[in-house]
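Please look at the protein chain shown below, and keep its sequence beside you while reading the report that follows.

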Amino acid sequence: KALITMRLSGGRHNKARKGLHAGGRVPVGYKAVDKDLAVSDEATETIKAIYTLRDNGLSLRAIADTLNEQGMPSVSGRPWAFSTVRYILNNVVYRGTLAYKGNTSTRIDLALV
């Protein structure tokens, strides 16, 4: 079991060093293509709207309320929550940076903001 864990971990570190998605949940606004990330056109407007609302000074809860009032769908289909908005605003992938356990790489093709 330890050997399998070590090999899997090593493979993820190698992917991260090469600038590829090393695994985990695919962020909102992206899709998995050939074990890497690609921008999904479906949710990019929502992501950009979240960043614009935050730049205009709205709180996390106010952003979630605005998205719900405008009828913008969330990934889960449930109403937007401030914690989801916080996750999106704190995720460096939206700025074009992939990070995995100390390995970071810049990917301009993934930047949405």
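## Surface and charge

In this predicted model, the protein chain exposes about 7,200 Å², and carbon and sulfur atoms supply 53% of that area. The side chains of the protein chain include 17 that are positive and 9 that are negative, and the centres of these two sets lie 15 Å apart. Of the 113 residues in the protein chain, 36% are buried.

## Overall layout

Taken along the principal axes, the box filled by the C-alpha atoms of the protein chain is roughly 50 × 30 × 25 Å. Among contacts in the protein chain with a separation of 6 or more, 44% come from residues 24 or more positions apart.

Helix α3 spans residues 60-69, and its buried residues are L60, I63, A64, T66 and L67. These residues lie on the same side of α3 because they cover an arc of only 160° around the axis.

Just after α3 comes G71, which takes a positive phi of about 75°.

## A residue in strand β3

T97 lies in strand β3, which spans residues 97-100.

Leaving aside residues up to four places away in sequence, T97 touches V92, T104 and S105. T97 and T66 are 31 residues apart in sequence, and their C-alpha atoms are 27 Å apart in space.

## Confidence of the prediction

The mean pLDDT of the protein chain is 84, and 99% of its residues reach 70 or more. Among the elements of the protein chain, α3 has the highest mean pLDDT, at 94, whereas strand β4 (residues 103-106) has the lowest, at 76.

Technical notes
Residues are numbered from 1 along each chain as its sequence is written. This is a predicted model: local features need pLDDT of at least 70, side-chain atom pairs count only at pLDDT 80 or more; totals for chains, interfaces and linings use all residues. Side-chain values use heavy atoms; hydrogens and water are left out. Buried means under 20% relative accessible area, exposed over 50%, partly exposed in between (1.4 Å probe, protein chains only). Contact means heavy atoms within 4.5 Å. Accessible areas come from the Shrake-Rupley method with a 1.4 Å probe; for residues, only the protein chains shown count as cover. Lys and Arg count as positive and Asp and Glu as negative; His and the chain ends are not counted. The place of a charge is taken as NZ of Lys, CZ of Arg, CG of Asp or CD of Glu. Helices (H or I, at least four residues) and strands (E, at least two) are DSSP runs, numbered from the N terminus. The arc is that of the directions from the helix axis to the C-beta atoms. pLDDT is the predictor's confidence in each residue, from 0 to 100.
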